[in-house]
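Please keep the sequence and the structure in view while reading.

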Amino acid sequence: MTQQRRADGSLRHLLTLGELTRAEIESLLERAQHFSRPPGAPPARSDALAGITVANMFTEPSTRTRVSFELAARRLGADVTNLEVMLSSRVKGESMLDTIFTLESLHVDVFVLRDAEIGVPATVAANVAPHVSVLSAGEAHVAHPTQGLLDALTVLQQKGRCDGLSMAVVGDIRHSRVARSAYHAFRALGVTDLRIVAPPGMMPDDTEFGGCPRETDIVRGIDGCDVVMMLRIQKERFADADIPAGDDYFREYGLTTARLAKAKPDAIVMHPQPMNRGVEIESAVADGPQSVIRQQVANGVAVRMAVLETLAAPLAARRH
Ligand code: CP
């Protein structure tokens, strides 16, 4: 069990949504909604993290998560540094923890970590000074907690609730941290019909996604759904798997306008991105009227502001 909490029970780190209560998730989403702004409006700002220093350390590629964490921290008044790992002394053999201790000496208070290795965020969280917080920005195939939160916020904004909704997560579930965090978030928020739709080679082990029906046919899988979440094939996480390639995958599992018609008429289409158009999703769907993909991206900043504020504002307040 990962230790995410302080002695008083408050959240110190965010490594997984799996241990959060529904009330805690709802509280983070309420705060995120407070920071959410419509397209074109000036972004929300606060000085809640003035005097706090945030370090982004990503050892895997990222566009949305890294940029939105940086914007979120700056819009809360924090100082931010982005460690270019490939230009850092890690390439000279310095260990992850020695790098962390170095940044701690430079008064970093919050580490935002993305890493391909399982357990890195928890190891760092177990070794940093007591005032320091660690936030997972994506851990291997295991967890992407802020993605789960921004996905939940998007559904709440679109549907007004999660309770009682039917949702299909479609694609490479086996290798997806997005699917695992979505599972924790949406189950906690009352989605009872959460379907796992994947080719046999991309199904997770039977020990995972308890309570979720499994389906290998996309048309049956999305039938009557309120929410369809498409996933990219995580080619970087497996050497070979029994999956159809390229055009064959699109023919069997791609979300097309014709297939989407099997979901409810007001169903929304989600994708965490990056997406491979013409592989898991047709452009007409990705850019179509049912797509909320850009809203998901926008919600990334609001959610990360809410999480950073929740974890680090108590430290900022003590310093003022
Ligand atoms: N959704 C997501 O994690 O995107 P990035 O890999 O670009 O951060």
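## Position of the ligand

The ligand lies between domain 1 (22-144 + 298-314) and domain 2 (147-296), because both domains give residues to the shell around it. The model under discussion is a predicted one.

The space that the ligand takes is the largest pocket.

## The two domains

The protein chain is divided into domain 1, which covers 22-144 + 298-314, and domain 2, which covers 147-296. Taken over C-alpha atoms, the centres of domain 1 and domain 2 are separated by 26 Å. The contact between the domains takes 26 residues from domain 1 and 28 residues from domain 2.

## The shell of residues

Which residues are around the ligand? They are Ser 62, Thr 63, Arg 64, Thr 65, Arg 114, His 144, Gln 147, Pro 272 and Gln 273.

The side chain of Arg 64 has a polar atom that lies 3.0 Å from an oxygen atom of the ligand. For Gln 147, an N or O atom in the side chain is 3.0 Å from a nitrogen atom of the ligand. In Gln 273, by contrast, the atom concerned belongs to the backbone: an N or O atom there lies 3.0 Å from a nitrogen atom of the ligand.

How much of the accessible area of the ligand does the protein cover? On its own, the ligand has 250 Å² of accessible area, and the protein covers 92% of this.

Definitions and conventions: Residues are numbered from 1 along each chain as its sequence is written. This is a predicted model: local features need pLDDT of at least 70, side-chain atom pairs count only at pLDDT 80 or more; totals for chains, interfaces and linings use all residues. Side-chain values use heavy atoms; hydrogens and water are left out. A residue is near a molecule or strand if one of its heavy atoms lies within 4 Å of it. A polar contact is a pair of N or O atoms within 3.5 Å; within protein, one must be able to donate a hydrogen and the other to accept it, and residues adjacent in sequence count only if both atoms are side-chain atoms. Accessible areas come from the Shrake-Rupley method with a 1.4 Å probe; for residues, only the protein chains shown count as cover. On a 1 Å grid over the protein atoms alone, a cavity is a set of points where a 1.4 Å probe fits but cannot get out, and a pocket is an open set with protein on both sides within 12 Å along at least five of seven lines; lining residues have an atom within 4 Å of a point. A molecule sits in a cavity or pocket if more than half of its atoms lie within 2 Å of its grid points. Domain bounds come from an automatic or database domain assignment. Contact means heavy atoms within 4.5 Å.
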